[in-house]
Amino acid sequence: MATPEAAPAVFTSNDGGKMADPEPGDQAGFPHDLYRWVLPLDNLERPPEKIALGRALFFDRRLSADDKESCSTCHDPEKGFTDQLPTSMGIHNQFGKRNAPTIVNANFNSLQFWDGRAANLEEQIHGPTFNPIELGMADEKTVTEKLQAAPEYQRAFISVFGHPPNYTDMAKAIASYERTQVAFDSPFDKFINGADGAITDQQKRGWSLFNGKGRCMSCHGWNPTQPTFSDNRFHNIGVSAHKSDFVELARKALRVIAEGGDPQQIDQLAIQTDMSELGRFLVTKQPHDIGSFRTMGLRNLFVTEPYFHDGSQATLWDTIDHYNKGGVQNPYLDGGIVPLGLSEQEIDDIVAFLKSLTSPRYADAAEREYTAQVARSKTDRPQRDVDAAMGIKGRNDTGLSGPFGDIGPGQDQMKENPALIGGD
Amino acid sequence: MAIRHKSVETKYMEERDAVLKGLRRLDRRSFLKVLGATMGAVAAKGLMPPHSFQLITLANAAPDKDFETKSAEGKRPFTFAYISDTHLYERTLNQRFVRAAVKAVEDVNALDPQPDFVLFGGDLAQLGRRAELELGKQILGELKAPVKMMVGEHDWFFDMGEAWRDLFGPPNYSFNWKGVHVVTLMSVHEKDFWTARKMTPEQRMQTVAGLDNGIQSRFEVGEDQLAWLEDDLDKVPHSTPLLIFSHSPLYKYYRNWNFWTEDCDQVQDLLRPYYRTTVIHGHTHQMLFNQIRNISFYGMLSTAWPWPYAPQGLPPLTVQMNRADPFDQFDGVGDGQFEVRPDGLADKIYNLWDRNPVTVKATYLTSRGQLDKPSKPEFASY
């Protein structure tokens with residue numbers, strides 16, 4: 001353990017600037033108890049020296065095979081700790097198959113990655129470090145040697161951990177830094193704390209739709225164990241159904257995994273192959289997980305565009321259009337995905353509400369992106385399918401048609417309920 | 001007369017608005033108290049290990065170590081799948097249950113290897129209309145494996161089985177399969193409660209379709225069919241394993257809901273001389289298993305909705321399934337498979353669509369819960 005008197009190590013890497021500074025703990029809506037409960041037992045202590053070391057490592061390009069990439073390549077603090085690309089680019093300009101999730105509030109994810117293949121942030125770091133098209137390091141020994149060759153890390157690791165650098169402690173230090181990126185304190189948090197004027201009337205309408213007609217809360221519910229608006233479960237919402245034959249792909253995956261199945265293999269299948277679309281299934285091999293991905297949190301969405309696991313949706317209007325029409329039909333579509341019958345005004349209201357989840361640090365950037373998305377929503381709506389959303393026609397050429405209870409305005413409200421015919 | 005129907009969803013939205021208005025009136029202190037109590041309850045249930053707070057707990061199948069060995073030695077193992085209680089309305093009225101039935105068909109068609117046959121467990125239709133049954137026949141027609149049909153009360157009481165017989169043949173029959181004698185019963189006959197009340201066919205059907213309804217009589221196999229069963233079993237040696245399919249449970253679970261067959265004791269008496277007997281039923285829409293003397297009973301899942309467990313009479317060996325997510329149409333429902341072992345007993349796989357599958361070994365029931373206990377879901381039940 002470092003003592004306060006120890007001279008701080010001087011790091012040579014970029015520190016990411018102001019946007020990468022640790023966030024304060026006194027934010028409205030910050031769930032202090034939960035934050036402590038989800039810390040891993042072997043990385044509970046987080047002195048400033050450990051966080052500073054983690055921050056230096058996070059931005060250090062020497063931790064990649066070509067000395068050109070770092071964690072911050074795909075988790076850029078200026079972009080809400082994402083890369084704002086559909087899918088991410090690693091060493092030698094190679095693109096993977098998945099969208100880079102933000103590390104902001106990632107401490108609250110019960111499992112890491114889109115498919116939950118890592119239990120916590122320490123374990124998550126293993127994935128990109130050794131994936132051949134991300135940071136591309138050969139093995140833990142190579143990482144350790146690179147760290148030991150840097151005098152400032154020799155000093156810092158001895159100061160923080162009491163011994164020279166090694167891979168495991170590197171992961172602990174980086175995770176400790178990542179846990180300083182906690183962003184609450186949004187207008188919504190202030191509203192919930194009693195400041196009625198903290199959000200606009202439109203945002204209030206959106207919050208009501210979010211919890212009602214829009215059904216957003218069935219996966220993105222906000223409550224004390226879900227402060228980031230994620231149920232931490234895995235759902236098939238039909239994002240990639242149109243480009244995959246899930247059953248065939250799943251059989252192929254089982255054959256491939258049968259010969260290996262170690263975490264490294266799963267990581268490579270997820271990042272580098274078409275099996276990426278199988279999502280959680282690659283981890284659990286349970287059919288109900290085919291095409292399922294983790295429910296993402298909803299805070300600061302206007303700095304983490306584009307959306308979904310493959311970054312396939314450019315705006316939040318597109319994502320809501322996707323839900324509004326009932327997703328894309330496939331045999332493993334989650335049972336909660338149904339046409340919503342949301343009108344244009346209601347979609348606008350929900351998106352406006354989502355903006356109220358923006359933390360102060362990202363407010364300016366979010367305002368710019370919101371304005372851009374509003375403009376785009378007036379002209380460019382590739383996912384929009386009003387007839388499907390309103391229940392006027394069946395979804396996605398399934399051959400099914402007809403109204404859905406009283407969900408959509410397309411329903412004939414005066415139609416006799418068949419369950420009551422002849423009843424007493 | 002047209003009735004303006006307000007769905008559960010509409011009511012929910014209204015209630016939710018009321019709650020939200022109430023929330024705004026809550027002062028900060030009481031609000032934090034609510035939050036604190038919720039977190040305490042969650043922590044007390046052990047749902048938050050140090051670095052994970054995933055709120056789903058899954059019942060797991062006990063690992064099967066010796067099945068493969070036994071299969072290799074024996075001469076009889078085979079599997080069959082089931083789909084049950086689809087409760088289809090006409091396509092123009094409701095596509096929710098159509099979607100679930102289609103999903104079940106796709107699910108079973110994805111099984112590799114394919115099952116020997118698929119049992120349909122009854123209640124194909126919701127209101128007994130021909131168009132509902134025809135739609136069901138069309139959907140089940142997509143199955144790759146042969147289908148064995150069973151009738152439920154929702155298929156029957158509009159026209160007293162006329163359309164069902166036209167489409168699928170006689171409702172009770174038997175056949176032999178790989179050394180097992182299989183009997184499908186029509187267990188949902190009812191005594192005439194409608195003539196005296198001058199009910200229309202619609203009213204009769206609607207009455208039977210109600211869950212908690214004192215007007216209708218109880219389900220029964222009936223004397224004619226009991227005689228037929230006695231005659232059918234007369235030719236079957238007692239050493240032959242029996243598989244009996246019935247829509248209602250052939251034991252007494254909960255009378256008020258017709259989770260019950262009035263003359264089940266007489267059926268059980270006919271089955272008693274057989275060493276290995278498995279009865280598989282639909283109707284109850286839940287994970288349900290029971291052992292009475294030599295007979296193992298399994299309830300099938302529905303594709304349409306899960307019923308809550310009845311307030312009394314639940315067989316003690318049943319491991320209850322978790323409370324279903326009300327927003328998730330596919331939670332608490334599903335389909336399943338039976339693996340008939342070389343000795344003729346059947347292991348049952350409950351394929352809950354949005355949970356991990358749960359396997360209930362035949363030995364769990366025959367040992368009265370001493371062996372191969374399926375792990376209990378941690379969540380409270382209904």
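**Strands and cores in a predicted model**

Strand S6 of chain B, residues 242-246, runs parallel to strand S7 of chain B, residues 277-281, and five bridges pair the two. The structure is a predicted model. Within this pair, B:Ser246 stands opposite B:His281 in S7(B). In general, the strands of a sheet pair through backbone hydrogen bonds, in either a parallel or an antiparallel sense.

S6 and S7 belong to an open sheet of six strands in chain B, with the order S4-S5-S6-S7-S9-S8 and mixed pairing. At its edges stand strand S4 (173-177) and strand S8 (288-292) of chain B; each has a single partner strand, so one side of each is left without a neighbour in the sheet. On average, neighbouring strands of this sheet are turned by 15° against each other, direction ignored.

In soluble globular proteins, nonpolar side chains tend to be buried together. The largest nonpolar core here has 83 residues, and those touching the most other members are B:Leu88, B:Ala101, B:Val118, B:Phe120 and B:Ile244. Helix H4 of chain B, residues 96-109, gives the most to this core, with eight residues. Apart from this core lies another, of 33 residues, including A:Ile125, A:Met137, A:Val182 and A:Ala183.

B:Val118 shows such contacts in detail. Leaving out residues up to four places away in sequence, B:Val118 touches B:Phe80, B:Ala81, B:Tyr82, B:Ile83, B:Val108, B:Leu143, B:Ala145 and B:Val147.

Buried residues also occur in helix H8 of chain B, residues 201-209, where B:Arg204, B:Met205, B:Gln206, B:Thr207, B:Val208 and B:Ala209 are buried. The buried residues of H8(B) pack against helix H6 (153-156) of chain B.

Note on methods: Residues are numbered from 1 along each chain as its sequence is written. Chains are lettered from A and ligands numbered from 1 in the order in which they are written. This is a predicted model: local features need pLDDT of at least 70, side-chain atom pairs count only at pLDDT 80 or more; totals for chains, interfaces and linings use all residues. A nonpolar core is a set of buried Ala, Val, Leu, Ile, Met, Phe, Trp, Tyr and Cys residues joined through C-beta atoms within 7 Å. A residue is buried if 20 or more other C-beta atoms lie within 10 Å of its own, exposed if 12 or fewer, and partly exposed in between; C-beta atoms are placed from the backbone. Helices (H or I, at least four residues) and strands (E, at least two) are DSSP runs, numbered from the N terminus. Two residues are in contact if their C-beta atoms, placed from the backbone, lie within 7 Å. Two strands pair if DSSP finds at least two bridges between them. Axes are lines fitted to C-alpha atoms, for helices over the stretch in contact, and angles run from 0 to 180 degrees between N-to-C directions.
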